[in-house]
Amino acid sequence: MPMPHRTFAQVAKRRLIGKEGRERIRAVRELLEELPDYRNGPYADLRKWLTSEIEETRIRSSAVHRDSIAVRREGAAQIALVGPPNVGKSSILQALSEIQIKTGDYPFTTLRPIPALTRIGGVLVQLVEIPGLLAGASDDRGGGRALLGVLRSADAIVYCARPDADPAELRAVRAEVELAGIDKPAFLAATRADEAGKESLLRLRAAFPDLEVIPVSVIDEASLDAFREAAWRLTGLIRVRLRSMGETNPEPLALEPGSTVAGVADWVHHHLGAMFSGARVWGPSARFEGQHVGRDHPVQDGDVVEILR
Ligand SMILES: Nc1nc2c(ncn2[C@@H]2O[C@H](COP(=O)(O)OP(=O)(O)OP(=O)(O)O)[C@@H](O)[C@H]2O)c(=O)[nH]1
Ligand SMILES: [Mg+2]
């Protein structure tokens, strides 16, 4: 029996992550060979998608990238890191992902948006460093309009500021974001926290009372974990792990907020979504471990779900 098409789509996306050019085209071809050869239905749609991927990859590779700042979305959500220069945005990206990226003790080390994938509780999330937004960015100063365009397509924003710095720096950045009419879920990372005293942290909180403040230092693992979890909360997504025959799959699904058990079943297999009889649930949404629930039971972040046929 072939793999359920949703699983295939998930496997396919995972295998294409981080691949570009010839390498991506080769991976797409391999996937096409593994795909069941149906003429209609979800597998045919997958075939169409993969075929168009080849063409799009070709177009992307032949384009001159020098002036392009577009960022291709990858992962379950895209979160932009925004703040004044030299606050440690690139360093956070580096600490949370596998990428090698230029950091430096001077402003404007980063000149174009840089994406990096990080894993949060088993789900890949894309972080994008937006380089220095200058005052006047919304009038296109310093190529600001294109940078704001990247920000506009993100799902959420992490503002970054050093507690010791003048809050006016971040205020100027936020003013540009606001002028551009961009309003997203956000928190404030108090960066380079190991260099900052308690008082300056209090001052930062007082300067931005509308933002949750998370102190972050790249040399403090616990603070990086707190950053990850706060970033996850910004996405609003729900992580659910599937259990079948007594085994829990360690890789969670990322579902939209408000999802129900029926949504989980549908994700597993479209036909299953229509015919399953109920589910058992362990975790935050269960009144007790292994509770039997109906199809309309809302799931919560951290649940384990076993679909009963
Ligand atoms: N002590 C300490 N230094 C840090 C930390 N994070 C970054 N730095 C230092 O701060 C400087 C700036 O870091 P970057 O990561 O390049 O900052 P950025 O915000 O990406 O800067 P631009 O791209 O130039 O705007 C570097 O010298 C880093 O080594 C931290 O958590 N603690
Ligand atoms: Mg940088």
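The protein chain divides into domain 1 (5-62), domain 2 (78-235) and domain 3 (238-308), with bounds that come from an automatic or database domain assignment. This is a predicted model, in which local features need pLDDT of at least 70 and side-chain atom pairs count only at pLDDT 80 or more, while totals for chains, interfaces and linings use all residues. Residues are numbered from 1 along each chain as its sequence is written, and side-chain values use heavy atoms, leaving out hydrogens and water.

Let's look at where domain 1 meets domain 3. Their centres, taken over C-alpha atoms, are 28 Å apart. Five residues from domain 1 and five residues from domain 3 take part in the contact (heavy atoms within 4.5 Å). Together the two domains bury about 510 Å², 43% of it from carbon and sulfur atoms; this is the accessible area (1.4 Å probe) that two parts lose on being put together, summed over both. On the domain 1 side, His5, Arg6 and Gln10 lose the most area to domain 3, together 79% of what that side buries.

What holds charge to charge here? Two salt bridges are counted between domain 1 and domain 3, each a side-chain nitrogen of Lys or Arg within 4 Å of a carboxyl oxygen of Asp or Glu. Arginine 14 forms a salt bridge with glutamate 251, with 3.3 Å between the closest N and O atoms.

Elsewhere, the structure holds one cavity of 30 Å³ or more, a set of points on a 1 Å grid over the protein atoms alone where a 1.4 Å probe fits but cannot get out. The largest cavity has about 50 Å³ of space, a volume filled by probe spheres set on the points. Its lining residues (an atom within 4 Å of a point) include Pro84, Arg162, Asp166 and Leu204.

Terms used. Chains are lettered from A and ligands numbered from 1 in the order in which they are written. On a 1 Å grid over the protein atoms alone, a cavity is a set of points where a 1.4 Å probe fits but cannot get out, and a pocket is an open set with protein on both sides within 12 Å along at least five of seven lines; lining residues have an atom within 4 Å of a point.
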